[in-house]
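Hi there,

Here is the structure I promised to pass on to you. Have a look at it first, and then read my notes below.

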Amino acid sequence: MGTHDAYFWLAGAKGVGSAVDNPMAGLLRVLGSITGAPYGNIAFWLPAVFCGFTAVAAFAWGMLLGGPWTGIVASVFATSVPHFYFRTRLSYYDTDLISLLFPLLITVLMARWLVMTTKSSWFKKEESDDYQPVLTDYLLPFFAGILTCYGDSWHGVVQVFGFGTFLIGLFLALFCSKSNQRLIAMRGLLVFAASGMFGFAGVVVALALICFYLSPQFEKISNYENLYVYLVLFIALSLFSGLGTKLFFVVLNRITSYTKPTADAVKAAGPVYPGIAQSIIEAQNVKWADFFSTSGGNVYVGAAAFVCFAACIYYSPLSILLLPFAAAAMVSPFMGGRFAMFAGIPVGIGLGYWAIFLVNRFFKDKKETLVAGLTSCCLVVYLVGANFDFYTKTPVTPIISKEHAVGLIESADSMSASSTVWTWWDWGYATMYYTGQNSFANGGNHAGPVLYPLALAMSTPSLLQSSQLIKYSATQGNNPASTWSKMPVGEVQSIIGALGANDYLFKGDEDQYLVVTWKDIALSRWILYYGMWNISTGSSQHPFVGTVRNQFQVDFNSGNLFEGNNKPLPLSSYNILNSSGNKSGTFKNHSGLHLIFNDQNSQAYLIDDAVHDSTMARLLWGAADSPELKGRFELIYEGCPSVRIYKVLNQNPEK
């Protein structure tokens, strides 16, 4: 799979982990039982299906605001801008697929309800008509609420987004309704709030409200309908649902997590743990020029598209329901590229709306349809052409190698039930899926208090400390930080130090395993950064890890590495890794640089002493029968240079 989170849902489909009851895992089980296809194959292709549904929802929005040609532009842009394409291409079976789909469906249904009661312009006075909603009209906010409530089981943010849609709808009803239509708008908002905020009970209440609004009895008392009663009801619903508070904290948590703090906040005198977002690719900031360029195919077109969207809100009030998408996209330069995936819909609406508006302004009759169609096609071709190179150079790329997956599958039979596997958190979900065991850390459990002991176990040069830290953690429910948080930082440091100096016998029924991979070397700049973290000062430093990108030669007499036209580089040692046997040697240079070459994939790294002497490096290419491993680690799967898997022992080798 192309993203580690996909394995979370795959593991859940197999009954492993906390995603067992999530619809993302349930959908795989249902489709698997119907088709007989492996879950992995289904998850590989499903992103294309979800993107198709998203395109339909975006088309409906464009159709509502500017007609079918605007809809075509909106649908293509919403699903084809690079950041969305990257996160939803084949093999990317994750919640990004529905984080745009559900909000688009919710907002377009509410927009369709409000279109009959909302003025065509913010400042234009419009007389009310004789519009009286019928059953099909009331079903629009009802199903929008159903999607809001049901979407919460897919992704916790959907219901919060639905509440935001409710607030924007209320704003439109209060300040942009046609004369005498405001109360009708309020009815739909009440139906939406009831069905969207209170689960099954709310759905029943919403159905009762619809029946009441359509009954002859309501016509007799409709003259007593009052705006202030609705406002009081809305305030009460917001308070009782807790969504107002939830909206605040969701936004706050997103800001604090994606602003990439170096360290997590902790109690005074306790250990200071590292922040994780600083090392996550999707959380890295996007430059404004890159953001506009990827959103619109060109820096100037992208910037102009957002201006066009702002103008669209001014001239077409309903489009303000799409403002959260634009706002989410615009924070990507500060909070990470993941948010840029929302840019497609405001960009597509902005460009499509005004392009077709100008066509309608200057062309009439048959020419109008022809020119509008050509204009729409030109915008689509422009976007595809501008990003064609990106599409072709962004193939499906698995997050773990075939050798890594095979190692996990074959070692699963050697693992006892209810074991815990220690592997770098990027491979946690995949490990759960292929082995059927829980992982110590994964994509949903990799905060500083989890990351620090994991990285320390992989980074420390002491095999004793590594094995005993893992065993000690098992006695703490695989959550040592829960105990450490109650201690002064000095006491925690004493415990960690003692694990590397003294032999202990830890009691525990669950077996522990440690997986080390070639990819860990590529990530060692961050693994050791967290592993060498000072929990007292809240600081660390990166080790040196450099990729050898050009052809190179090593003079084994002088110990120098020659790469391209660069000056000779003295080496302290070399390791040539091969499935048939590893070769290694040392030189007298003592430069602190070590060459690691994978003969299987022709990749090479230069690493410093800290990486070279770390537990993960020694376990990956060191002798599996080394006396140093006796009583500490037992090799259960040999897959060097790609992967090795060890059982963590709890024995004193001298006894």
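This is a predicted model: local features need pLDDT of at least 70, side-chain atom pairs count only at pLDDT 80 or more; totals for chains, interfaces and linings use all residues.

As background, strands of a sheet pair through backbone hydrogen bonds, either parallel or antiparallel.

At the S12 end, S12 and S13 (residues 643-648) are antiparallel, with 6 bridges between them.

Next, please look at strand S11 (residues 603-607). Why is S11 described as largely enclosed by the rest of the structure? Because 4 of its 5 residues are buried. S11 is joined to S4 (residues 545-547) by 3 bridges in an antiparallel arrangement, and there Val 545 stands opposite Ile 607. S10 (residues 594-598) also runs antiparallel to S11, with 5 bridges; one of the pairs is Asn 598 with Gln 603. S10 and S11 form a hairpin with 4 residues between them, and Ser 602 in that turn has a positive phi of about 60 degrees.

Last, the cysteines. A search of the whole structure turned up 0 disulfides. Cys 51 counts as buried because its relative accessibility is 14%, under the 20% cut-off. Cys 640, at 6%, counts as buried too.

Happy exploring!

Key. Residues are numbered from 1 along each chain as its sequence is written. Side-chain values use heavy atoms; hydrogens and water are left out. A disulfide is a pair of cysteine sulfur atoms within 2.5 Å. Buried means under 20% relative accessible area, exposed over 50%, partly exposed in between (1.4 Å probe, protein chains only). Two strands pair if DSSP finds at least two bridges between them. Helices (H or I, at least four residues) and strands (E, at least two) are DSSP runs, numbered from the N terminus.
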